[in-house]
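My entries follow in the order in which I checked things.

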Amino acid sequence: MILKRKAIKSLKHLKFVSTHSCVICKNPEVQVCHIRNLPFGNVGLAQKNDCFVTPMCFPHHLEQHRMNEKKFWKKYYINPIYISYKLASISPCKKINKLAKEGYYDEYISRYTTNN
């Protein structure tokens, strides 16, 4: 069964994530990259969930959009859900931080790990 969950929006969290280096090459000039391929189904282009974001430089962000997203993350041996959880757990956004502490990411992390 695919669970549909409401997309969470937080400009404060997006700004916080943008202060970190690229998760792949450590370039400090980054864009906030939404994870599109979630274990509970694609959030879709119209409803991006700000809980599931990682910092990436422009070339890596472009690469992620140009190829199969699962293959992209496998190529770099990265679990993007886990990274988004780690960022959420230290986020200054109270709403995102609370979700991380309450276990919002737990099932996403385990499903992503088992499905990849």
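I began with helix H2 (residues 58–66), where I found His-60, His-61, Glu-63 and Gln-64 to be the buried residues, buried being under 20% relative accessible area, exposed over 50% and partly exposed in between, with a 1.4 Å probe and protein chains only. They cover an arc of only 160° around the axis, which puts them on the same side of H2, the arc being that of the directions from the helix axis to the C-beta atoms. On the other side of H2, I noted Pro-59 and Arg-66 as exposed.

I must record that this is a predicted model, in which local features need pLDDT of at least 70 and side-chain atom pairs count only at pLDDT 80 or more, while totals for chains, interfaces and linings use all residues. Residues are numbered from 1 along each chain as its sequence is written, and side-chain values use heavy atoms, with hydrogens and water left out.

Next I asked what the buried residues of H2 pack against. I found strand S1 (31–34), strand S2 (53–56) and helix H3 (69–75), contact meaning heavy atoms within 4.5 Å. Helices (H or I, at least four residues) and strands (E, at least two) are DSSP runs, numbered from the N terminus; the chain has six helices and two strands, in the pattern α-β-β-α-α-α-α-α along the sequence.

Of its 26 residues, Cys-51, Phe-52, Met-56, Ile-81, Tyr-104 and Tyr-105 touch the most other members. H3, helix H4 (80–89), helix H5 (94–101) and helix H6 (106–115) each supply at least two residues of this core. Apart from it I found another core, of five residues, including Leu-14, Phe-16, Val-53 and Leu-87.

Leaving aside neighbours within four places in sequence, I listed the contacts of Met-56, among them His-61, Gln-64, Phe-72 and Trp-73.

Finally I searched the whole structure for disulfides (a pair of cysteine sulfur atoms within 2.5 Å) and found zero. For Cys-33, the nearest cysteine sulfur is that of Cys-22, 9.2 Å away, and Cys-33 counts as buried because its relative accessibility is 0%. For Cys-51, the nearest cysteine sulfur is that of Cys-93, 8.2 Å away.

Terms used: Core = buried A, V, L, I, M, F, W, Y, C linked by side-chain atoms within 4.5 Å.
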